[in-house]
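Me: Could you help me learn to read a protein model, one feature at a time? I'd like the general idea and then the case at hand.

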Amino acid sequence: MAVAGALGSLAAVALGTFVVALLLRWLWDALLAVTRFRATCRQLNKFPTPPWRNWLLGHTGMGQSTEQGLQQVDALVARYRHGCLWWGLPWLPVLRLFHPSTLRPLLSASAFVAPKDKTFYGFLKPWLGEGLLLSSGQRWARHRRLLTPAFHGDVLRAYLGIFNQSTRVLLAKWGAAAAAAAGGPLEMEVLQPLSLLTLDTLQKCIFSHESHCQEQPSKYIQAILELSSLVVRRQLRPLLHPWWLYRLSSDGRRFTRACTTVHAFTADVVQRRRRALARLGHQAWLDGHQGRSMDFIDLLLLTKDEDGHTLSDEDIAAEADTFMFEGHDTTASGLAWLLYNLAGHPEHQERCRREVQELLAGRETADIEWEDLSQLPFTTMCIKESLRLHPPVTAVSRRCTEDVPLRDGRVIPKGVICLMSIYGTHHNPELWPDPEVFNPLRFSPENSKGRSPSSFIPFSAGPRNCIGQSFAMAEMKVVVALILSRFVLRRDTARPPPRRKPELILRAEDGLWLLLEPLVGVA
Ligand code: HEM
């Protein structure tokens, strides 16, 4: 009995010691966290802070993905010029940056020092997996090296035929609708058909798959469109942020179903190609491409690093899904706002049209070819100015793994979310006089001299810039050149100006509507 009693007291003492040790450990960690947070706040206090909503909520709920939210960014930029501190929640500081002086150190930092912030990208993970957009560290660096050759000019030139072909499908549809409008101008919402066009080209360039999605519904393409809109809805509903709650909701179930459709399509293409490669052997497989050019899947199957490592089927599928996502809405948004800007500036539109007509004069086919892309200087200036005024991606975020010093002596502290505002930088009056005016001549060679490269960043910049930017620029040039050689674009003055909506990409609240008039004498 006495032994049992002694053992019992010993166990009680051990348990008590354990609990006290746990408590002390917890207190110590809390103390360290508070000390670290205070040190961070001391560094952050060197950044100006806009007035709070109230002392309890900080700026909570003040920044929105609406026209008003963008106007608020304009006001912040006009007042603070380089950046400011924003309290997303009372304990969540966010640095909002909109000037090369504050952006450059982050943009040029290695992907290890300034990785992406997971808060903003996490919802895409079940869909895009460990593709280039969402991966980090060594994996990202290795994949970026392996994927870069797939975007070289020699590869891209083979896609020009696809860009032309997909645009002709759109023009045929618009032509038929214009004929049905019997001479009157055709009123069209342009973002949605341009989205289908960019999905169509990507599906051909990545998978060599012809779904005819511009003419008939495609289950795979519908699933991608659904996933994009569900991600935006989830972002706006904090209750649906935890995955375990989301997967139980009806949105979450639709998300899972659409992911299954997309993943099944991609896995099927990758596995079939892999089997063909194994069956035929490398050279015979290369020789027997059945007349089609290499697509992204072929290139990713063949790519090897210096140690001979290749990409697995899962790696290739994640990258293909990432290109489909990252390449479609961005390019469609860039194109839609470009058409809108040209419609509002008939003199610039006419100058682009003349440039295209002179280029195509006397040709047998009216296709835009790879060599033509550098022969459209004014059209290129218009595309750049439109990407400045209406950047498809309005902001990107980072969270540094170490302190990043700025030139003026301030420091971006480790662990703080940095919202790098592409929109704010492009609308910063210190960098761009009269930023709201559409003026392509800003990008003439003379006017571009001496400008900081970090003041124009539609594709971001530095090691994590957009790998698809040459692809996107080439596609935009082909699409706009062909549209301008068939239609005159005008704005409908009876409609109020579009209310911009910065979601995953820059949209317009009720769509972007334009009047299209067929050019006389063009078939
Ligand atoms: C006008 C069209 C486009 C715009 C404005 C655009 C913009 C951007 C931006 C701002 C980023 C940086 C994202 C971040 O830091 O979080 C990015 C990354 C990326 N983009 Fe694009 N993009 C466009 C078209 C494309 C196309 C056509 C593709 C592929 C075919 C593509 C593939 C990617 C990928 C894979 C990344 C991640 C790169 C990395 O982290 O290493 N993009 N894009």
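Me: Which residues have the most contacts inside the largest nonpolar core?

Reply: In soluble globular proteins, nonpolar side chains tend to be buried together. A nonpolar core here is a set of buried Ala, Val, Leu, Ile, Met, Phe, Trp, Tyr and Cys residues joined through C-beta atoms within 7 Å. Buried means that 20 or more other C-beta atoms lie within 10 Å of a residue's own, exposed means 12 or fewer, and partly exposed is in between, with C-beta atoms placed from the backbone. In this predicted model, the largest core has 122 residues, and Ala336 and Leu339 have the most contacts inside it. Helix α15 (residues 313-343) gives the most to this core, 16 residues. Helices (H or I, at least four residues) and strands (E, at least two) are DSSP runs, numbered from the N terminus.

Me: How far can I trust the details, and how are residues counted?

Reply: Residues are numbered from 1 along each chain as its sequence is written. As the model is predicted, local features need pLDDT of at least 70 and side-chain atom pairs count only at pLDDT 80 or more, while totals for chains, interfaces and linings use all residues.

Me: What is leucine 339 in contact with?

Reply: Two residues are in contact if their C-beta atoms, placed from the backbone, lie within 7 Å. Leaving aside neighbours within four places in sequence, leucine 339 touches Val190, Ile483, Leu489 and Leu514 in this sense.

Me: How many residues surround the ligand?

Reply: A residue is near a molecule if its C-beta atom, placed from the backbone, lies within 6 Å of it. The ligand is surrounded by 23 residues, the closest being Gly327, Thr330, Cys466, Gly468 and Ala472.

Me: Is α20 largely enclosed or open?

Reply: Count its buried residues: 13 of the 16 in α20 are buried, so the helix is largely enclosed by the rest of the structure.

Me: And where is cysteine 466 found?

Reply: Cysteine 466 sits in the loop between α19 (445-448) and α20. It counts as partly exposed because it has 19 C-beta neighbours inside 10 Å. Its contacts, leaving aside neighbours within four places in sequence, are Phe459 and Ser460. An unreviewed UniProt entry lists Cys466 under "binding site"; UniProt positions use the numbering used here, feature names are shortened, and annotations may be inferred rather than shown by experiment.
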